[in-house]
Amino acid sequence: MMSTSPLAPANAGVPASDARPSLTVLSGFWPSATYAVARSLLAADPSLLLIRHDLAGLGTGTVHRIVRDSEGVLEDERITLAHGCVSCTLREDVLPTLARLARAHPRRDLMLMLPEVVEPEAVAAVCAHCLVDGAPITDLLHVDSYVTVVDAEHLLDGLASTDDLKTLGIHAADNDDRGLADVIVRQIEYADTLVLWGQSREGAYDTSRLSVLLERMAPWATQVRVDGDVVDAGALARQLRGTRRHRPETPGVLTRGLEGYNLGAHEPHPDCGVVSVVFRARRPFHPRRLHDVLEEVNAEVIRSRGHLWLASQPDTVIAWDFAGGGLSLGSLGRWLAALPDPHWNEASDHRRLAAALDWDPYYGDRHQHLVFIGLDLDPAGLHRTLVGCLLTDAELAGGEDTWRGYDDPFTDCFPLADPDPNNTDTDTDTDTDTDTEGKQV
């Protein structure tokens, strides 16, 4: 059941000096829960416009777009794209549709409900880098918040799933090799606001445990719980709209630590069984010892993430990305300590500041920063295992020339382009959007 009073005003939370319509982006892997939130927001504000895209026909280059408000469907069209993929859909129809509606209805806010396999960060990237009629979309509208809806009944199963999207028949393109759990964690971790919808099949305690788990996975997000039989649409709208929570400058989750942002919460004492462990160290990992414990350290983990450095590859920042039983390691470019000075200006201001505040005379900005989140983890045992992978005093004394000769199972997994010290205009590997699919473990 849904209660619809009081009504949320159009352009809720947008200052009077800002005439742009506000955009709320809804994502979630379980469409029934996501659409329930969308219906609640429509009920709370009759002026709100909802845009949805059905990607069922994407393989044949067809996308089904529906625009509606609380009164009913306003547009129902099937669009043919030159290339059937999610990125093409975002560039060629989603952005132009948002721009068209913002121009045609300047006093009506917009809500974009993403298909279940689309990650909100992909939308943010398109909004940041793609122009519509020669201008950024933010000239026409204000991105208020990215809201991710998770279904309490299915969340744990989704996070533990080892299925990939192709196996499930819901992949977004022929080359879409993402796992189901990968999509879910990326939707959760990019959110400004998380909605935990419904209740766990196991009861109230388990629902509370899911709430704690979400808080540990995305401590930067505001969490809203909707677990009653009656939804107060007006109250929900006030929690989800007009919040101005989105900060477009915030980096992706794997580079948060490099940029000086919070990467995770260190909560080693169980809360409803949920444990979150932050591991930080200055010394490099020995490549063979780390490789040999990868399965062990993630055995009881739901999610782990961060970055590290290997003694045998001391120039490279290596991303660590674990979900759904699979670990992906990849390059995030070079440590600043390994870059010629002229290239430092190509790193972000936040990264240079974070490095300067934590600079070590010997290691520079190189360090380990990993977060492990799971149920009933042994934080002390995990810490001992990881510390055992760091170089000993005797190994440190050997120096980088010796380290580079270590037995390294990761050899050639994270190639780096050589920066040209004589050309300050050359692209370098300091870009935080670098592909991280270097090695699947």
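Val275 stands opposite Gly374 in strand E18, and that pair is a handy place to start looking at this predicted model. Residues are numbered from 1 along each chain as its sequence is written, and side-chain values use heavy atoms, with hydrogens and water left out. Because the model is predicted, local features need pLDDT of at least 70 and side-chain atom pairs count only at pLDDT 80 or more, while totals for chains, interfaces and linings use all residues.

**Around strand E14**

Helices (H or I, at least four residues) and strands (E, at least two) are DSSP runs, numbered from the N terminus. Two strands pair if DSSP finds at least two bridges between them. Strand E14 covers residues 274-281, and 8 bridges join E14 to strand E18 (residues 368-375) in an antiparallel arrangement. E14 also runs antiparallel to strand E13 (residues 267-271), with 2 bridges joining them. In that pairing, Asp271 has Val274 of E14 as its bridge partner. E13 and E14 form a hairpin with 2 residues between them, and Cys272 in the turn has a positive phi of about 55 degrees.

How much of E14 is covered? Of its 8 residues, 7 are buried, where buried means under 20% relative accessible area, exposed means over 50%, and partly exposed lies in between (1.4 Å probe, protein chains only).

**The whole chain**

Stepping back, the chain has 13 helices and 19 strands. Its radius of gyration (taken over C-alpha atoms) is set against a globule rule of 2.2 Å times the number of residues to the power 0.38. With 441 residues, a compact globule would come out near 22 Å, and the chain's 23 Å agrees with that. Along the principal axes, the C-alpha atoms fill a box of roughly 70 × 55 × 45 Å.

Buried residues make up 55% of the 441 in the chain. A contact means heavy atoms within 4.5 Å; among contacts between residues at least 6 apart in sequence, 74% join residues at least 24 apart. The chain exposes about 18800 Å², and carbon and sulfur atoms supply 49% of it; accessible areas come from the Shrake-Rupley method with a 1.4 Å probe, and for residues only the protein chains shown count as cover.

On the charge side, there are 38 positive and 68 negative side chains, and the centres of the two sets lie 5 Å apart. Lys and Arg count as positive and Asp and Glu as negative, with His and the chain ends not counted. Each charge is placed at NZ of Lys, CZ of Arg, CG of Asp or CD of Glu.

All 6 of the 6 residues of strand E2 (residues 22-27) are buried, so E2 is largely enclosed by the rest of the structure. In a regular strand the side chains alternate between the two faces of the sheet. Here, Ser22, Thr24 and Leu26 point one way, Leu23, Val25 and Ser27 point the other way, and all are buried.

Which strands pair with E2 in the parallel sense? One is strand E9 (residues 142-151), over 6 bridges, with Thr24 opposite Ser145. Another is strand E6 (residues 110-113), over 4 bridges, with Leu23 opposite Leu110.

Helix H6 (residues 180-190) is mostly covered too, with 10 of its 11 residues buried. Among the buried ones are Leu180, Val183, Ile184 and Ile188, along with Asp182 and Glu189.

Most residues other than glycine have a negative phi, and most peptide bonds are trans. Asp133 has a positive phi, near 55 degrees, and sits in the loop between strand E7 (131-132) and strand E8 (135-136). Asp376, also not a glycine, has a positive phi of about 60 degrees and lies in the loop between E18 and helix H11 (379-387).

Two alanines lie in helices: Ala43 in H1 (residues 31-44) and Ala128 in H3 (residues 120-129). Ala43 is 26 residues from Asp69 in sequence and 8.8 Å from it in space, C-alpha to C-alpha. Ala128 and Pro248 are 120 residues apart in sequence, with their C-alpha atoms 8.1 Å apart.

| Residue | Relative accessible area and class |
|---|---|
| Ala43 | 22%, partly exposed |
| Ala128 | 54%, exposed |
| Asp376 | 58%, exposed |
| Asp133 | 67%, exposed |
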